[in-house]
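Have the sequence and the 3D view ready as you read.

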Amino acid sequence: QVQFVESGGDLVQPGRSLRLSCVASGFSLHGYVLAWFRQAPGKEREGVSCISSNDGSTYYPAPVRGRFTMSRDDTANTAYLEMNSLKPEDTAVYYCAAFRGSHIITLQAGMYTIWGQGTQVTVSS
C-alpha cells in the first residue's frame with residue numbers, strides 16, 4: 001500500500017521549534033517531488049515548502065521563509081520539515097505529499113498524487 005505517515009506534531013509555545021517527519025511506505029521517494037502543506041480550521045489548505053526530486057532545490061512562501069527548512073533522505077525514504085520561531089498562526093494539520101517528476105518544484109496541490117494523513121501542530125502559550 002502506497003502511503004505516507006507523518007509524525008512530530010505537538011503543542012508548543014510561540015518561539016519554539018518542531019521537526020516533522022514523513023515516512024513513505026510502499027514506494028521509493030527517488031524521483032518524487034515532495035512538499036508539506038497545512039490546513040488550519042476554517043482555512044484553505046496552503047503549501048509551506050517543496051523540494052525537487054533531483055537537485056535539492058527548495059521553495060518556501062513568504063509566511064514561513066527563513067523559519068522553515070525542508071529536507072529529504074531518500075535512503076531512509078523520509079522527508080523532514082524543521083520549523084523554528086513558531087507562531088500561533090502556524091497552528092494547523094500538516095500533511096506531506098508527493099508526485100513523480102523531475103526538474104520542477106511547485107506548491108500547486110493538484111499536482112500531488114500521494115498524501116499523508118496529517119499531524120497536528122498547535123502553537124499556543
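How many aromatic pairs does a search of the whole structure find? The search finds six, where rings of Phe, Tyr and Trp (its six-membered ring) pair if their centres lie within 6.5 Å; planes under 30 degrees apart count as stacked, over 60 as edge-to-face and the rest as tilted. This is a predicted model, in which local features need pLDDT of at least 70 and side-chain atom pairs count only at pLDDT 80 or more, while totals for chains, interfaces and linings use all residues. Residues are numbered from 1 along each chain as its sequence is written, and side-chain values use heavy atoms, leaving out hydrogens and water.

**Pairs around F37**
- F37 and Y112 make an edge-to-face pair, with centres 5.3 Å apart and 75 degrees between the planes.
- F37 sits in strand β4 (residues 32–39) and Y112 in the loop between β9 (92–100) and β10 (114–115), 75 residues apart; strands (E, at least two residues) are DSSP runs, numbered from the N terminus.
- F37 also forms a tilted pair with W115, at 4.9 Å centre to centre and 45 degrees between the planes.
- W115 lies in strand β10, so its pair with F37 ties together parts that are 78 residues apart in sequence.
- F37, F99, Y112 and W115 form one aromatic cluster.

- F37 has a relative accessible area of 1% and is buried (under 20%; exposed is over 50%, partly exposed in between, with a 1.4 Å probe and protein chains only).
- Y112 is buried too, whereas W115, at 23%, counts as partly exposed.

**Charges over rings**
- The charged end of R19 sits over the ring of Y80, 4.1 Å from its centre (NZ of Lys or CZ of Arg must be within 6 Å of the ring centre and within 35 degrees of the ring normal).
- R45 lies over the face of W115, 4.4 Å from the ring centre.

Notes
Helix = DSSP H or I, 4+ residues; strand = E, 2+ residues; numbered from the N terminus.
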